[in-house]
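Thanks for asking me to look this over with you. Please keep the sequence and the model side by side while you read my points.

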Amino acid sequence: QVTEQGKPSQTRLNNFGHYALREHPEEKFSVIAVQIHTGRRHQIRTHLAHVGHPAVTDGKYMPRERFLRDKSWCRKGYEALAPLPEDLPVAVARFVITDP
């Protein structure tokens, strides 16, 4: 439970790797798959922010400074969709693998 007034919810995360931006190696992030077991509003975004890893370009759940840095290299956050968004490879091309 993230807040006292919040309702119980479950989110399962699978990490596919840790990365940084080529031009800003201090900017670290992970590529994950998310499976929700309950359908709460903003559940994924809230859970990621609660554990200190807000979703890329999520202006609601991250400091404005971080949001603006994210927007400089990623116009929008990405969801797992089929087919994948056409601009996803452009963002991924800027990644370099880092240690966890």
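1. Before we start, a word on the ground rules. This is a predicted model, in which local features need pLDDT of at least 70 and side-chain atom pairs count only at pLDDT 80 or more, while totals for chains, interfaces and linings use all residues. Residues are numbered from 1 along each chain as its sequence is written, and side-chain values use heavy atoms, with hydrogens and water left out.

2. Let us begin with the sheet. Three strands form an open sheet in the order β2-β1-β3, with antiparallel pairing. Because β2 (24-36) and β3 (95-97) stand at the edges with a single partner strand each, one side of each is left without a neighbour in the sheet. On average, neighbouring strands here are turned by 50° against each other, direction ignored. Strands (E, at least two residues) and helices (H or I, at least four) are DSSP runs, numbered from the N terminus. Two strands pair if DSSP finds at least two bridges between them. As background, strands of a sheet pair through backbone hydrogen bonds, either parallel or antiparallel.

3. Now look at how β1 and β2 go together. Ten bridges join these antiparallel strands, and a hairpin connects β1 to β2 through two residues. You can find two of the pairs yourself: L13 has V34 as its bridge partner in β2, and G17 has V31 as its partner in β2.

4. How many bridges join strand β1 to β3? There are three, and β1 (residues 11-21) runs antiparallel to β3. On the β3 side, F95 is the bridge partner of L21, and I97 is the bridge partner of Y19.

5. Two helices lie across this sheet. Helix α1 (residues 43-50) lies across β1 and β2, at about 135° to β2. Helix α2 (residues 64-73) lies across β1, β2 and β3, and its angle to β2 is about 90°. For these angles, axes are lines fitted to C-alpha atoms, for helices over the stretch in contact, and values run from 0 to 180 degrees between N-to-C directions. Contact means heavy atoms within 4.5 Å.

6. Next, the surface. L13, I32, V34, I36 and I44 form a nonpolar patch with about 350 Å² of accessible area together. Strand β2 gives the largest share of the patch, three residues. Patches are made of residues with over 30% relative accessible area and no salt bridge, with like charges joined within 9 Å and nonpolar side chains (Val, Leu, Ile, Met, Phe, Trp, Tyr) within 5 Å. A salt bridge is a side-chain nitrogen of Lys or Arg within 4 Å of a carboxyl oxygen of Asp or Glu. The areas come from the Shrake-Rupley method with a 1.4 Å probe, and for residues only the protein chains shown count as cover.

7. H42, in the loop between β2 and α1, has a phi near 60°, a positive value in a residue other than glycine. T57, in the loop between α1 and α2, also has a positive phi, of about 60°, although it is not a glycine. Are they buried or exposed? H42 counts as partly exposed because its relative accessibility is 25%, while T57 is buried, with a relative accessible area of 12%.

8. P8 lies in the segment before β1 and counts as exposed because its relative accessibility is 60%. Leaving aside residues up to four places away in sequence, P8 touches T38 and R40. P8 and T38 are 30 residues apart in sequence, and their C-alpha atoms are 8.4 Å apart in space. D58 lies in the loop between α1 and α2 and, at 5% relative accessibility, counts as buried. With residues up to four places away in sequence again not counted, D58 touches R45 and F67.

Terms used: Buried means under 20% relative accessible area, exposed over 50%, partly exposed in between (1.4 Å probe, protein chains only).
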